[in-house]
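This report describes selected local features of a single model. Please keep the sequence and the coordinates in view while reading.

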Amino acid sequence: MRTTDPLLEITGLDVHYGGVHALRGLSLTVREGEIVALLGNNGAGKTTTLSAVSGLVRASAGRIVLGGEDLTRAAAPKVVAAGVVHVPEGRRIFGLLTVHENLQLGGYLVRDARELRRRIDQVYELLPRLAERRGQQGGTLSGGEQQMLAIGRALVARPRLLMLDEPSMGLAPLVVTAVMDVIRDINAAGSAVLLVEQNAKAALKIADRGHVIENGRTVLEGSAAELAADARVVEAYLGGV
Ligand code: ATP
């Protein structure tokens, strides 16, 4: 359900890595119930934006607020406790643990064992492929299955805000569609989503709004439909006309 209430508000964010000025006054809002796509070329600052929200890199200026709580200087565990789940690029599932154990870890903040089982069962219902492989080591899954597991783990956590970094990376087109469908399901279940993608076409299909960033600042923003029709976006990110 989309509302006009802001959930994540980033204003005037600056991040430096030594001498590299990666974010330069970036501002971005994700409202409750929204999917927002964050698009941009290599090195534009997309991953840095997610890392700053997660408390993995420090802002040198600006503010990050989630549901009214100032998280600008918060360390990663506090951000997780505030309801943010970050699925980094490259999946990062636990390769030696089984599918089931990976899903259990996704719910480590869920105290009630019965509730945790219920959520894991829901993931198995939504992603039957994972159910068939529940006893299999995560590292032996295919790339697409590992991505589904990483997203399934986020589904168990039921975050207020789910941040995904390039979930379509390296996946076949049909698998990309399946991954995007699951992201939409998670969103329908109540999580707002900030989606970093190089695959602008796939992202804009499921997003409500989008931001295009270049050199650490927003250069374009609008509804997903507006961006998909914008000549500059078509030229730079949708493979021309
Ligand atoms: P990609 O699509 O290639 O992943 P991105 O938009 O996610 O790119 P970032 O990873 O956020 O871009 O990088 C933004 C800028 O910051 C780049 O110029 C990058 O070289 C630089 N950068 C990122 N991480 C570091 C780091 N740990 N140390 C130094 N510079 C970094």
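## Q136 and its surroundings

Q136 touches L97, T98, V99 and L141, not counting residues up to four places away in sequence; contact here means heavy atoms within 4.5 Å. The side chains of Q136 and T140 are joined by a polar contact of 3.1 Å. A polar contact is a pair of N or O atoms within 3.5 Å; within protein, one must be able to donate a hydrogen and the other to accept it, and residues adjacent in sequence count only if both atoms are side-chain atoms.

Q136 is placed in the loop between helix 5 and helix 6. Helices (H or I, at least four residues) and strands (E, at least two) are DSSP runs, numbered from the N terminus. With a relative accessible area of 28%, Q136 is partly exposed; buried means under 20% relative accessible area, exposed over 50%, and partly exposed in between (1.4 Å probe, protein chains only). R73 stands 63 residues from Q136 along the chain, and their C-alpha atoms are separated by 39 Å.

## Basis of the model

The model is predicted: local features need pLDDT of at least 70, side-chain atom pairs count only at pLDDT 80 or more, and totals for chains, interfaces and linings use all residues. Residues are numbered from 1 along each chain as its sequence is written, and side-chain values use heavy atoms, with hydrogens and water left out.

## Helix 4

Helix 4 comprises 14 residues, 113-126, and reaches 20 Å from its first C-alpha to its last, close to the 20 Å expected at 1.5 Å a residue. The expected span is 1.5 Å times one less than the number of residues in the helix.

The buried residues in helix 4 are E115, L116, R119, I120, V123 and Y124. An α-helix has 3.6 residues a turn, so residues three or four places apart point the same way. The cover over the buried residues of helix 4 includes helix 3 (99-106), helix 5 (128-132) and helix 6 (143-157).

## The ligand site

Around the ligand there are 14 residues, the closest being N42, G43, K46, T47 and T48; a residue is near a molecule if one of its heavy atoms lies within 4 Å of it. These shell residues divide into 4 nonpolar, 7 polar and 3 charged. In this scheme Ala, Val, Leu, Ile, Met, Phe, Trp, Tyr, Cys and Pro count as nonpolar, Asp, Glu, Lys and Arg as charged, and the others, Gly among them, as polar.

Oxygen atoms of the ligand lie 2.9 Å from a polar backbone atom of G45, 2.8 Å from an N or O atom in the side chain of K46, and 2.5 Å from a polar side-chain atom of T48. Strand 2 (20-31) and helix 1 (46-54) are the elements that give two or more residues to the shell, and helix 1 gives the most, with 3 residues.

T48 is found in helix 1 and is buried, with a relative accessible area of 9%. Not counting residues up to four places away in sequence, T48 touches V15, Y17, A22, L23 and V57.

T47 also lies in helix 1, but at 38% relative accessibility T47 counts as partly exposed. Leaving aside neighbours within four places in sequence, T47 is in contact with E89 and D165. The side chains of T47 and D165 are joined by a polar contact of 2.9 Å.

I35 is placed in strand 3 (residues 35-39) and is buried, with a relative accessible area of 1%. Beyond neighbours within four places in sequence, the contacts of I35 are R184, N187, V193, I206, A207, D208 and R209.

R158 has a phi near 45 degrees, a positive value in a residue other than glycine. R158 belongs to the loop between helix 6 and strand 7 (161-165) and is partly exposed at 32% relative accessibility. For N215, phi is likewise near 45 degrees; N215 lies in the loop between strand 9 (209-214) and strand 10 (217-223) and counts as exposed at 56% relative accessibility.
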